[in-house]
Amino acid sequence: MNLAQIEATARAAHAGQTDKAGRPYADHLRAVAEGVRARGGDEEQIAAAWLHDAVEDDALSARWLREAALSSRTKDIVLAVTKRAGEPPEAYAARILATPGALLVKEADLAHNADPARLAVLDEATRTRLTEKYARMRALLGLVR
């Protein structure tokens with residue numbers, strides 16, 4: 001699959017979904033893919049950025065990912081950044097750090113999630129909770145500002 005096909009697949013998989021602020025979820029995927037590109041990521045990482053929430057959100061199945069015409073590195077990155085039910089943040093961060101290319105994708109994801117303009121439309125309790133959550137993950141991943 002080329003990047004245009006991957007983007008189309010991700011957009012179709014998340015069609016009708018919105019983020020916490022009510023915006024189309026595909027806007028988040030685009031922002032993460034652009035963030036990966038801006039940080040010097042390669043095509044495999046950009047592909048993973050488009051798909052980074054697909055398995056976690058049940059938009060696409062793990063079986064789809066296994067069988068997809070994607071590089072093993074792209075698949076590994078998607079699986080690395082896919083949170084697992086009941087998984088401690090430390091274990092999640094360790095898996096990301098252990099997977100080549102995954103840290104850049106997660107960094108772009110966190111950057112968009114923690115964008116003040118994006119958080120500003122949320123209620124104060126949610127904004128505070130998410131800000132703390134993202135800061136903790138950045139610390140676990142060694143991403144300091």
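The following legends describe close-up views of a predicted model.

**Figure 1. Overall fold of the chain, with 9 helices and 0 strands.**
The C-alpha atoms occupy a box of roughly 40 × 35 × 30 Å along the principal axes. Of the 145 residues, 46% count as buried. Among contacts with a separation of 6 or more, 60% join residues 24 or more positions apart. The accessible surface of the chain amounts to about 7400 Å², and carbon and sulfur atoms contribute 53% of this area.

**Figure 2. Helix 9, residues 124–140, and its buried face.**
Helix 9 has 17 residues and spans 24 Å from its first C-alpha to its last, close to the 24 Å expected at 1.5 Å a residue. The buried residues of this helix are Thr126, Leu130, Tyr134, Met137 and Arg138. Seen down the helix axis, these buried residues fall within an arc of 100°, so they line one face of helix 9. The cover over them includes helix 6 (89–98), helix 7 (102–113) and helix 8 (116–119). On the other side of helix 9, Glu124, Ala125, Glu132 and Ala139 are exposed.

**Figure 3. The two ends of helix 9.**
At the start of the helix, a side-chain oxygen of aspartate 123 comes to within 3.2 Å of the backbone nitrogen of alanine 125. Alanine 125 is itself exposed. Just after helix 9, glycine 142 adopts a positive phi of about 75°.

**Figure 4. Helix 5, residues 72–81, and the helices that cover its buried residues.**
Thr74, Lys75, Ile77, Val78, Ala80 and Val81 are the buried residues of helix 5. Their cover includes helix 3 (43–51), helix 4 (62–67), helix 6 and helix 7. Helix 6 and helix 7 are also among the elements that cover the buried residues of helix 9.

**Figure 5. Histidine 14 in the loop between helix 1 and helix 2.**
Histidine 14 has a relative accessible area of 2% and is therefore buried, the cut-off being under 20%. Leaving aside neighbours within four places in sequence, histidine 14 is in contact with Tyr25, Leu29, Asp53, Ala54, Asp57 and Ala59.

**Figure 6. Aspartate 19 in the loop between helix 1 (3–13) and helix 2 (25–38).**
Aspartate 19 counts as buried because its relative accessibility is 11%. Beyond its neighbours within four places in sequence, aspartate 19 is in contact with Tyr25 and Arg118. Tyr25 is also one of the contacts of histidine 14. Asparagine 113 lies 94 residues from aspartate 19 along the chain, and the C-alpha atoms of these two residues are separated by 9.9 Å.

**Figure 7. Alanine 68 in the loop between helix 4 and helix 5.**
With a relative accessible area of 10%, alanine 68 is buried. The C-alpha atoms of alanine 68 and glycine 35 are separated by 24 Å, and the two residues are 33 residues apart along the chain.

Technical notes. Residues numbered from 1 in each chain as written. Predicted model: local features only at pLDDT ≥ 70, side-chain atom pairs only at ≥ 80, totals over all residues. Heavy atoms only, no water. Helix = DSSP H or I, 4+ residues; strand = E, 2+ residues; numbered from the N terminus. Expected span 1.5 Å × (residues − 1). Buried < 20%, exposed > 50% of the residue type's maximum accessible area, 1.4 Å probe, protein only. Arc of directions from axis to C-beta. Contact = heavy atoms within 4.5 Å. Polar contact = N/O pair within 3.5 Å; in protein donor to acceptor, adjacent residues only side chain to side chain. Areas by Shrake-Rupley, 256 points an atom, 1.4 Å probe, with all protein chains shown as cover.
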